[in-house]
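Thanks for coming. I have one structure to go through this morning, so please look at the screen while I talk.

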Amino acid sequence: MSDAAEGLAALRTAEGEAALTAAREAANGDPLAAAAALRARGHPPHVAAAALTQTDLRARAAGKFGDDAGRMFFTRDGLQQATRGVVAARRAARLAAFSGVRRIADLCCGIGADAIAFARAGLTVHAVDADPVTAQVAAANAELLGLADRIVVACADAASVELAGFDAVFCDPARRSGGRRVFDPGAYSPSWDFLAALPSRLPSTVLKLGPGIDHALIPSLAEAEWVSVSGDVVEAAFWHGPLAEVPRRATVIRGADSGAELTGSGDRLGDVGPVRDVLYDPGGAVVRAHLVAELADRLDATLLDPTIAYLTGDTAVTTPFARAYRIEDVLPFSLKRLRAALRERGVGRVTIKKRGSALVPEQLRRELRLDGPAEATVVLTRIRSRPYALLVSPL
Ligand SMILES: C[S@@+](CC[C@H](N)C(=O)[O-])C[C@H]1O[C@@H](n2cnc3c(N)ncnc32)[C@H](O)[C@@H]1O
């Protein structure tokens, strides 16, 4: 048994429980003092070390898993790669709503975040992970969260799982190598070829992928979804076969809210119009899903430039899919003109946003040499291919 496996096994005993409680009480930011406190209570060094590691990981996991974090076990890599609870719960609820989806295979279960969400949504889960400690952690989590009757965990290679008898298959491949994030699907584990072939084995396939996935890899009949949480695009997912409902979807989740969805074809260009009173900066999930034209329809807005994802409209419509700004001034870009406009307004602090501009905000900020009490937001962009600076204020 590896050290990590032994440490985990030790924590699942009564003595381990006591060590975890002591570690939680001793966790005051000073790891040496905490280790000394555990040793003073008679916990053997390997149990004390495992308890302190878990306590640290549980504290880090609170953002992803809320109250569950304090009861779950983690590995460092497993926590980093795990799906946030709110994202996993949404996906699981959608899957469980398809009639006929009851038994699901989770081929790369990690520490079990998606498997747990599937089980809570009422599905029966066969979860596998190729890494023995990770699989051990997933099994412990299923048990600790009272879901062991719905989740069976095995340590196995995804390729060895026979898919007959399952209604759906989910795979969230490892997108890290040597602790670093991997962007090339060719470096995913299991391989891209294995993932791409899954729908031919079981049509109801869902793949979780990196948000930067190349659109050229989206199969023609699949749905591609991008998900953002509190403004960060956290993943893409391909929904295959009967699970594909629309060509493209942007799912926007803020905090613990239930999320909002924008759907469409993903191949519309959108109309271009003159600069109006309001500027919209669409969120990353909308932009990545190529749904800016669909958003423009909802907001009664038009593009400033055919190739750039800024929209403009007459009145501010409240939307979860974009940030809105009042446009105060529209300046064809010149450093001198921008500096003069900002100085005239007494601006000393400037927030610089940009799309379609090669300017480097930090460098521009230095070159502006501003000094004044007021604050302003400057948007650098192109309008009909020409560079512009827009002075805007958040709405
Ligand atoms: C991104 S993580 C999965 C995270 C999981 N969905 C969660 O939310 O907790 C990917 C996992 O795939 C596992 N893995 C990589 N290659 C595999 C293979 N060929 N078969 C099974 N598991 C594999 C890794 O050990 C890792 O735990």
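Start with the open sheet, which is built from 7 strands. This is a predicted model, so keep that in mind throughout. Reading across the sheet, the order is β13-β14-β12-β15-β18-β17-β16, and the pairing is mixed. At the edges sit β13, residues 302–305, and β16, residues 347–354, and each of these pairs on one side only. On average, neighbouring strands here are turned by 45° against each other, if direction is ignored.

Strand β17 covers residues 374–383 and strand β18 covers residues 386–394; the two pair in the antiparallel sense, over 7 bridges. To find your place, look for Val378, which stands opposite Leu391 in β18. Lying across β16 and β17 is helix α13, residues 361–368, and this helix runs at about 155° to β16.

Next, the domains. The assignment gives three entries for the protein chain: domain 1 is 3–71, domain 2 is 79–264 and domain 3 is 278–394. Between the centres of domain 1 and domain 3, taken over C-alpha atoms, there are 48 Å.

Last, a pair of helices. How do α1 and α8 run relative to each other? The axes of α1, residues 3–11, and α8, residues 132–144, come within 9 Å and cross at roughly 15°. Angles under 35 degrees count as roughly parallel, so α1 and α8 are roughly parallel to each other. The crossing of α1 past α8 is left-handed. On the α1 side, the contact is made by Ala4, Ala5, Leu8 and Ala9; on the α8 side, by Val133, Gln136 and Val137. Of these contact residues, 6 are nonpolar, 1 is polar and none is charged.

Conventions:
Residues numbered from 1 in each chain as written. Predicted model: local features only at pLDDT ≥ 70, side-chain atom pairs only at ≥ 80, totals over all residues. Heavy atoms only, no water. Pairing = 2+ DSSP bridges. Helix = DSSP H or I, 4+ residues; strand = E, 2+ residues; numbered from the N terminus. Axes fitted to C-alpha atoms, helices over the stretch in contact; angles between N-to-C directions. Contact = heavy atoms within 4.5 Å. Domains from an automatic or database assignment. Parallel < 35°, antiparallel > 145°, perpendicular 65-115°, else oblique. Left-handed = near helix turned anticlockwise from the far one by under 90°. Nonpolar A, V, L, I, M, F, W, Y, C, P; charged D, E, K, R; others polar.
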